[in-house]
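Hi everyone, thanks for coming.

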Amino acid sequence: MAIPAGTRLILLLGIACFITINGVVANPLGARRSLLGGAIFDITKFEAKADGITDNAIPIIRAWKAACESRGAAKVVIPRGNFMAGEIVLGGPCVGQTTVEIQGTLLANPDPSAYTGGSWIMLQRVDNVVVTGGGTINGQGKNVWQYAGGDSPLSVSLVFQTVGNGKLHNLRFVDSMGFHIKVTDSHDVIVQQLTITAPANSPNTDGIHLSSSKNVKITDCVIGTGDDCVSIGHGTLNTAVARITCGPGHGISIGSLGKREDETDLKGVSITNCTLIGTTNGVRIKTYHDSPQMTASDIVFQDIKMIDVKNPIMIDQHYNSKSKPVQSKVKIRNARFINIKGSSISPVAVTLNCSSAVPCEGIQLENIDLVPSGKTGPLTSACSHAKFLLKGIQKPAAPIKCA
């Protein structure tokens, strides 16, 4: 029997209203498709539970897999609520651009045996990926920090490994087990607008660590941890770090370099417009004794403000010197410290402690204006095995000799 035209119109309107709710189109495979384009994969549609107890690693991985295989742009949504999860590997390659939007709180499984690969959450072999959402990634490190210092490092909260054209922004990281964030073997990555916090006495909880990557920008973050706020390791090329507020922690570091035989050269690091507050080091370059032959070159620390910082400016090529007496073979070349101002809580405010095997070359100190903090006595500088150039203000006075 034929359906009258008016009835067909009513049926069509009813179907449209049924499948379109709040600007999102339903999908029979568990996804929703926004009218603005892009499929949305809510982890609760994959049986994730926001009770803070259930391990939601599998639902998150299933939602990711569906999004990764979806044609066009796709988004995994972790909605408001407390979602506990163990080890998560989000692998690619994906069909299109994929976003992970963390609106709620991810809580790490407190059982250390839940982690086998050195990371809690890893994005691997993915291009054109964004991680954002305004939520929180809580590593619950207080449960495992007592095990730090063993042969196996504690799990990193979030790892970008072999990621191209990635972006990580607008999130809060709390109490990682090991490092909070690690970017490795990646290229063209932007990290910005993050807040990273852990107690000052938490072990090895670096804020952001970078290695074997090129064209990475880290900007506009507030970081306070028990280790380096930002650490830049071997194999990095064209790295820009800017507008970081750091403290507590161990400062902003190049290195440590030269720990392993397979490490490669570092070149082109710019660290600018940063503020360090109460850190145990300021800006520094550190290398291990008995290292492989490699170089660290074209490094700039510029427009840095120090507030009650210990060791504001440091090159330390004698890291781990007690157990390995052989001098470092990491050649430091063309490292500039420009417009560095503020207060020091250590009498030696500038230390250039280079390797006798491969002395530093092209070190520049320009407009250094550091004053003693509180009852700290007059400030001095120290230098060994470095060729350096002085420009502008030098407070404290630069060393006359550098043997």
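Let me begin with a term: domain bounds here come from an automatic or database domain assignment. On that basis the chain splits into domain 1 (38-144 + 154-209) and domain 2 (228-402).

A word on the source: this is a predicted model, with local features needing pLDDT of at least 70 and side-chain atom pairs counting only at pLDDT 80 or more, while totals for chains, interfaces and linings use all residues. Residues are numbered from 1 along each chain as its sequence is written, and side-chain values use heavy atoms, with hydrogens and water left out.

Now, how do the domains meet? Their C-alpha centres lie 32 Å apart. Five residues of domain 1 and six residues of domain 2 make the contact (heavy atoms within 4.5 Å). Together the domains bury about 460 Å², 43% of it on carbon and sulfur atoms; that is the accessible area, with a 1.4 Å probe, lost on putting the two parts together and summed over both. On the domain 1 side, Asp-206, Ile-208 and His-209 supply 72% of the area buried against domain 2.

On to the spaces. On a 1 Å grid over the protein atoms alone, a pocket is an open set of points with protein on both sides within 12 Å along at least five of seven lines, a cavity is a set where a 1.4 Å probe fits but cannot get out, and lining residues have an atom within 4 Å of a point. Volumes are the space filled by probe spheres set on the points, which are joined across faces, edges and corners.

The largest pocket holds about 1,100 Å³. It has 39 lining residues, and Pro-153, Phe-179, His-209, Lys-259 and Arg-260 are the closest to its centre. Each of domain 1 and domain 2 gives at least three residues to this lining.

Which residues line the second largest pocket? Among them are Pro-112, Tyr-115, Pro-153 and Met-177. That pocket holds about 170 Å³.

Finally, there is one cavity of 30 Å³ or more, and the largest cavity holds about 100 Å³. Of its 14 lining residues, Ile-78, Leu-90, Val-100, Ile-102 and Ile-121 lie nearest the centre. The lining has 14 nonpolar, no polar and no charged residues, where Ala, Val, Leu, Ile, Met, Phe, Trp, Tyr, Cys and Pro count as nonpolar, Asp, Glu, Lys and Arg as charged, and the others, Gly among them, as polar.
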